[in-house]
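Student: I am new to this structure and would like to know what the terms used for it rest on. Can we go through them one by one?

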Amino acid sequence: MDDEDPSASNVIARNWNSSSSSSRLNQSPSMNTPVVSLERRINRLINANQSQSPSRSIYSDRFIPSRSGSSFALFDLSPSPSKDGKEDGAGSYATLLRAAMFGPETPEKRDITGFSSSRNIFRFKTETHRSLNSFSPFGIDDAPGLCHSPVKAPRKVPRSPYKVLDAPALQDDFYLNLVDWSAQNVLAVGLGNCVYLWNACSSKVTKLCDLGADDSVCSVGWALRGTHLAVGTSTGKVQIWDASRCKRTRTMEGHRLRVGALAWGSSVLSSGSRDKSILQRDIRCQEDHVSKLAGHKSEVCGLKWSYDNRELASGGNDNRLFVWNQHSTQPVLKYSEHTAAVKAIAWSPHVHGLLASGGGTADRCIRFWNTTTNTHLSSIDTCSQVCNLAWSKNVNELVSTHGYSQNQIIVWKYPTMSKIATLTGHTYRVLYLAVSPDGQTIVTGAGDETLRFWNVFPSPKSQNTDSEIGSSFFGRTTIR
């Protein structure tokens, strides 16, 4: 600017005179004459502020209006168009920020004189009284494009087991139930013709019983409270053992073939057999069983009592799922939607009457039922044989174990049935599943003769944490 072109200065002066003559409405008479130094200052301001329109008049006062609230129609003026027809970025950001801070329906303010701001060409904003909740960055009101709360990070589930136990002679039989975890934190496992106990607190292994060469263990089930364990055998007998004393207290007969499923209620022990029947046993009575439930046309391989001990669900190799009440000898509900054996059965601890079931290789589906209204709620194809199901008692999630063809373990979020984690490691079908008493850990067993311990569910006090739980590895040992 030190070597200015005189012609250029004349052009600037003429443009300034014409511009200032049209702008005298807002200027004092003393500002009508341009000065070269003032021209330079104006040019610098125009070049420095690139967000302003080149055709916009520059005023000398320090009045800064809110253009979004201006009444241009009073003087036949229209707001300057945005570049390339696009929305002004700063204005869009200010609008979005205002909506987030004060809500989308911020009322128009009146000026401090009490007159309506629509009388003025420009409008000032003044604060109004709002509730404390409205000052939250994510208020109660719905703001377009904004969430009410920050998105939670997904909970991290360790992808590897924290402990592995060798379980020699653990059978690869879909219809057996050989693993159960007691309320006293003791794991019972049927291996061949023996039952072993593993104390999760001390890691001590105890041999509970040996059925002999002519018999084998087909199922194990802990009583809801206490230290009694029921053992179903291949000869059709059910034995009751006191694990604290390693002593058998009773042997009950009634089945003609192996007992592959056991389920304890409040005062009843139910046993399901390959002879297609279910026997209800009250260990306080002298009789071996108090009632017999008939309905299945093939081996009974799944049994579960509801949490209120009012309903018993049974699944069989006949692809049927039945629901019985405490006094019925015929099923009160019958479901035939599965197209393969139903071994996986689980009652929800969160919703009364919500039942989940899983089908075998030809079915591969997890289905949900409302036994209160007798309705089929939903179904999802897992693309793999469903061997076991278990609900978390801490959160509304469930875990499924699978066989052919992927041998995986899946943690699901209910009711969306979105996958939280998929765990792999077993090389055979994951036929056995049990949940720890605190509801955080599961143990899985397979024909690869291993028991694997996984931390998959949070504790009730840490449902919102995203830290990994129990990810430490304690090595590999044997259960016998």
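Student: Why is Phe174 called buried?
Tutor: The relative accessible area of Phe174 is 6%. Buried means under 20%, exposed means over 50%, and partly exposed lies in between, with a 1.4 Å probe and protein chains only. The value is under 20%, so Phe174 counts as buried.

Student: What kind of model are these values computed from?
Tutor: This is a predicted model, in which local features need pLDDT of at least 70 and side-chain atom pairs count only at pLDDT 80 or more, while totals for chains, interfaces and linings use all residues. Residues are numbered from 1 along each chain as its sequence is written, and side-chain values use heavy atoms, with hydrogens and water left out.

Student: What makes Tyr175 partly exposed?
Tutor: Tyr175 has a relative accessible area of 22%. That lies between 20% and 50%, so the term is partly exposed.

Student: How many aromatic pairs are there, and what makes Phe174 and Tyr175 one of them?
Tutor: The count is 9 aromatic pairs. Rings of Phe, Tyr and Trp (its six-membered ring) pair if their centres lie within 6.5 Å; planes under 30 degrees apart are stacked, over 60 edge-to-face, and the rest tilted. The centres of Phe174 and Tyr175 are 5.3 Å apart and the planes stand at 90°, so the two rings form an edge-to-face pair.

Student: Why are Trp181 and Phe453 also called edge-to-face?
Tutor: Their centres are 5.8 Å apart, which is within 6.5 Å, and the angle between the planes is 90°, which is over 60. Trp181 and Phe453 are both buried. Trp181 lies in strand E2 (residues 179–181) and Phe453 in strand E28 (residues 450–455), so that the pair links parts of the chain 272 residues apart. Strands (E, at least two residues) and helices (H or I, at least four) are DSSP runs, numbered from the N terminus. The protein chain has 3 helices and 29 strands. Trp181 and Phe453 also belong to one aromatic cluster with Tyr162 and Trp198.

Student: How do you know that the charged end of Lys343 sits over the ring of Phe174?
Tutor: The rule asks for NZ of Lys or CZ of Arg within 6 Å of the ring centre and within 35 degrees of the ring normal. The charged end of Lys343 is 5.5 Å from the centre of the Phe174 ring, and it counts as sitting over that ring.

Student: What makes Ser298 buried?
Tutor: Its relative accessible area is 18%, which is under 20%, so Ser298 counts as buried. Ser298 is in the loop between E13 and strand E14 (300–305). With neighbours within four places in sequence left aside, Ser298 is in contact with Lys276, Asn317 and Asp318.

Terms used:
Contact = heavy atoms within 4.5 Å.
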